[in-house]
Amino acid sequence: MHQFFLRLLVVLTVWANAMAWAERPRISEDRDLLDVDLTGSDCLNRPEGTAKTPDGVERNRMKNRSAVDLSGARVEGMDTAAFLKHVADLDAQTKGKRRTQLSAAQKQQLDALEKQFVSLTGWLVLAYAGPPETTNCASTDFHDWHLEVYEKAADHPPQIGDPTPIICEITPRTQRAIYRDNIRIQALAGFFRKPDLTHESTGHAARRIRLTGYLMWDDEHNGPADIGTKIQKIGANKYHQPWRSTAWEIHPVMKIEPLDNAVASAPIAIPPVAPPLVPLSSPPAPSSPAPQQFVTLTQPVKIKIPYGETVLPRGMKLPIISRNAQTVIVKYMDGTQAIPIESTDLP
């Protein structure tokens with residue numbers, strides 16, 4: 001009888017774990033930034049997302065601020081210590097609180113800080129696609145990118161005893177500009193968290209970067225399970241806890257700059273060679289280059305990439321290299337991909 005109940009307990013535990021996993025929000029399979037077109041997104045004109053509470057609405061509006069031209073803007077540059085010092089006063093006053101619980105003076109201080117542009121310099125140890133959340137109307141395809149930025153480089157994913165990072169997030173509204181600035185997550189992060197929450201190496205060390213964007217207080221993650229100076233445990237859900245140094249973030253990130261010597265150096269200038277003398281005559285009119293043609297995806301397409309697979313979302317525009325009756329060859333990242341014609345807007 002004892003063995004029967006023991007076996008029953010094992011079966012129920014396995015079943016409960018399977019049900020918990022099945023109920024987990026599906027995380028995007030994206031492995032890197034994309035040239036995302038938000039034109040067809042129903043959430044584009046809803047900066048509050050699908051939040052139902054006053055603090056959720058206010059928080060989402062802060063997260064969903066659009067990218068702005070930073071040239072001429074006053075941006076305060078910081079490292080980890082300076083960032084934590086910059087927000088320390090309000091952090092101490094608001095420990096464990098939400099936006100709706102702040103005093104009038106604290107709210108005034110919060111408003112002033114969240115209007116600031118700041119830059120953070122650190123090491124991008126871990127990056128991953130964010131889960132569906134009210135900010136992005138619970139969409140899996142249009143998601144934030146979470147960047148865990150550390151004061152020092154690490155040769156392993158976050159583990160017990162490690163210091164906690166500062167969280168910075170790229171949003172769907174800022175992703176395209178960062179992508180077109182030739183920034184790639186896989187080229188900068190040391191480790192990548194997959195949708196099953198396991199970690200994999202990107203094949204190179206974490207790189208030192210500078211991130212610039214709005215200062216933002218994510219009061220949804222302002223409790224002791226989230227905030228601390230060192231990681232105390234790895235939870236049953238595979239997340240490290242606490243997982244951040246502060247509820248303050250750079251969110252949205254609008255610009256990322258690699259700072260280490262892995263950045264390609266400037267091309268060497270080659271002296272011009274004098275052209276040969278030719279008889280005077282009227283030169284032919286220069287021909288105009290053919291305009292680049294693009295294709296738009298009408299449905300998601302899964303493709304293989306060097307470090308696994310990714311899904312190109314509906315609405316994404318890609319430059320055309322060539323096509324035939326069944327497929328169109330497009331340029332994606334540093335290579336080409338064959339896309340079925342039926343998944344595009346091509347006739």
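In strand β16, P340 is the bridge partner of T327. Strand β15 covers residues 327-332 and is joined to β16 by six bridges. The two run antiparallel. Strands are DSSP runs of E, at least two residues long, numbered from the N terminus. Two strands pair if DSSP finds at least two bridges between them.

This is a predicted model; local features need pLDDT of at least 70, side-chain atom pairs count only at pLDDT 80 or more, and totals for chains, interfaces and linings use all residues. Residues are numbered from 1 along each chain as its sequence is written, and side-chain values use heavy atoms, with hydrogens and water left out.

**The sheet.** Strands β15 and β16 belong to an open sheet of four strands, ordered β11-β14-β15-β16 with antiparallel pairing. β11 (294-296) and β16 (335-340) each have a single partner strand, so one side of each is left without a neighbour in the sheet. Neighbouring strands are turned by 50 degrees against each other on average, direction ignored. Axes here are lines fitted to C-alpha atoms.

**H143.** This residue lies in the loop between β2 (117-129) and β3 (145-150). H143 is buried, at 2% relative accessible area. Buried means under 20% (1.4 Å probe, protein chains only). Its side chain makes polar contacts with two side chains. A polar contact is a pair of N or O atoms within 3.5 Å, one able to donate a hydrogen and the other to accept it.

| Side-chain pair | Distance |
|---|---|
| H143 and S28 | 3.4 Å |
| H143 and D30 | 2.9 Å |

Leaving out residues up to four places away in sequence, H143 touches S28, D30, A129, G130, N136, I170 and P172. Contact means heavy atoms within 4.5 Å.

Terms used. Axes fitted to C-alpha atoms, helices over the stretch in contact; angles between N-to-C directions. Buried < 20%, exposed > 50% of the residue type's maximum accessible area, 1.4 Å probe, protein only.
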